[in-house]
Amino acid sequence: MTVPLGAYVAVSAVLFFIGCAGVLTRRNAVVILMCVELMLNAANLALVAFSRKYGSIDERGSVFVVFVFVVAAAEVAVGLAIILSAYRNRPEVNVDEIHQMKG
Amino acid sequence: MTFDFVEPVVFALLSIGVIAGGAAVVLLNRITAAALLMAFTFLCMAGMFVLLGAETIAAFQVLIYVGAITVLILYGVMFTKFSDGPRALFFQKQTPIAAVFVAAVAIPVALFSFTFTSAPPRPGGGDLPALATSVFTDFAFPFEIASVLLLAAMVGAIALTRRDDPEEAAMRRRR
Amino acid sequence: MPVGPFGIDPFIWAPLRLIIAVGLALFLVLNGALLQIYLERKIQAIIQDRLGPYHVGPFGLLQTFADALKLISKEDVRAKATDGWFFVAAPALVFCPMLASWVVLPFARDIVGTDLDIGLLYLTTLGSMTVLGIVIAGWASNNKYALVGGLRSAGQLISYEIPQILALVSVALVVGSLSMIDITRSQPGPFVNVLVLPFSFVIYFISALAETNRTPFDLPEAESELVAGWLTEYSGMRWGTMLALSEYGNVTVVCGIITTLWFGGWQGPGVDAIPLLGVLWFTLKVYAFIVVMMWIRATLPRLRIDQLMSFCWKGLIPMALVNIVAVATLALAFPDTLVPIAIANWVLVIVFIAGIPFVQRRRLATLRARARASTAPAVRAAS
């Protein structure tokens, strides 16, 4: 008895939409960043699962996961830098309150 | 009697961990707890990668997500004091729209995903050689671009958060 | 019915093996910590011309047992303002990755938890998880010193991970495998890896000192400025788990990695005849490095935090990158022989060691010039 591929994909989809809901509803910039990480990770799971089924010889799906890791690391570094420099100008991490640039 | 029953059991535990952890990140108001549960979600996800036979990806997952990204986010949490307050999740204008949107897309996708019924084949001898061969042959150019992206991100992060040292600025003015 | 090792049914053997392995690792960690604390105190005492512990048992050997008993029987003190279950979870978060690292350490030819083909990657992964526990401990203690210690520790550990991994990469390049067993097998007899890759050994050793919070890099728990850093609010067995078990366990793991990668692991005279002799050789080599680390602790003063960071980012990482480029290029150019790599690496070691005085002198000169420039106007105004 083994786990079907669909189960992995379903878990991935559920996690992706949990992250999506978080990005849409949470107001704290740091939490939004965390939810984006969750979404990226969910995508990774789907990529690895499909790589198992359709390309297990050369691991192309897994290669793409490696690039997602790179993008996630870069994103979190720059994202936190932006949050911190915005916080320095005005101590606020609620994204609804950061609207000085609004015309 | 064999160990066949272990895999579904482990998978069930891990998927409960992933989904519960992810839901807690979205629902909890204590941001440090959310960050730690995010690390827990990432760990369970690494377990799923191991189940899929992608140990190298699992190791990278723990190395990058748990070891680096969670710690960075905790840094961000500690440097920014905030009061997210009870209004963070409920009683705001986006919540119904978000719920409708997510439900409308999530339910069909989750149902559709169960059309993939075949079990994924397990490769023998680990995924490291195949992964390394792919990265350094077919994907060598994207790999280089990824490294440039990381460098740009590093320089950008330093440039964004750098505060001019008042002492050094005074020195420069004097010169 | 299939028959596994020792004539035991594999269905029983698999969980039995797990229990035996975990039990052995716990036993080794607990006893290693006791022994290393005793060694640490005794060696520092010898270097500082003191006696060290000598009251309890012969040569004070039972002193650490007495200390451990005291720690276990201590009251479980938790400050009211600490952060609930974070405070309790942090010691476990530090301890578990360390314990899991023991799975891939090869003690002798067949005495290894499991031979993962990504063994080296697995070890670095677990090493990076320790940071999380330390940051959580610093945050949960709700104490300025602990928070500063935790943040310092996170910065230090993440930074020093980079030269550490880069040093491991050069070994993987030369050996062509990440499995700890293959790496050990690739260096038979006297031709151990340190003769070929001395520079990556130097880089790894320095960054391992920082990774395990040993002096001169023990800033996260610098007594003179931060009380006890992220350990300030911990006492009793929580402190014991965090400091004694995890730190000394990490030291052992790191020394085990050094032994396996650069010094031939369990290989030594007489191992082919009696395989169990490998355990002895491995342990002796590991403890030799532990003693060197203690010697360094008694010798070198602590760095400042900015010195620590600039040493990593401006010194170790560029040198490690140069090392990787040199090793990779030479491995491609001369696929049959390791001699060019060895020559390049020894040259790099000499440059590194000889370069330190020059860099120090230039740094001192600029510091003096800056000090003169900033005090000069004040002096002029006063006179």
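Author: Let's start with a term: two residues are in contact if their C-beta atoms, placed from the backbone, lie within 7 Å. This is a predicted model, where local features need pLDDT of at least 70, side-chain atom pairs count only at pLDDT 80 or more, and totals for chains, interfaces and linings use all residues. Residues are numbered from 1 along each chain as its sequence is written, while chains are lettered from A and ligands numbered from 1 in the order in which they are written.

Reader: Thanks! How many residues of chain A are in contact with chain B?

Author: By that rule, 64 residues of chain A are in contact with 75 residues of chain B. The largest share of chain A's side, 21 residues, comes from α3(A). Helices here are DSSP runs (H or I, at least four residues; strands are E, at least two), numbered from the N terminus.

Reader: What makes α3(A) roughly perpendicular to α5(B)?

Author: Helix α3 (residues 60-89) of chain A and helix α5 (residues 128-136) of chain B pack at about 70 degrees, with axes 9 Å apart. Angles of 65 to 115 degrees count as roughly perpendicular (under 35 is roughly parallel, over 145 roughly antiparallel, the rest oblique). That is why α3(A) is called roughly perpendicular to α5(B).

Reader: Which residues of α3(A) and α5(B) meet there?

Author: A:R60, A:S62, A:V63 and A:V66 in α3(A) meet B:L131, B:S134 and B:V135 in α5(B). By class, this contact has 4 nonpolar, 2 polar and 1 charged residues. Ala, Val, Leu, Ile, Met, Phe, Trp, Tyr, Cys and Pro count as nonpolar, Asp, Glu, Lys and Arg as charged, and the others, Gly among them, as polar.

Methods:
Axes fitted to C-alpha atoms, helices over the stretch in contact; angles between N-to-C directions.
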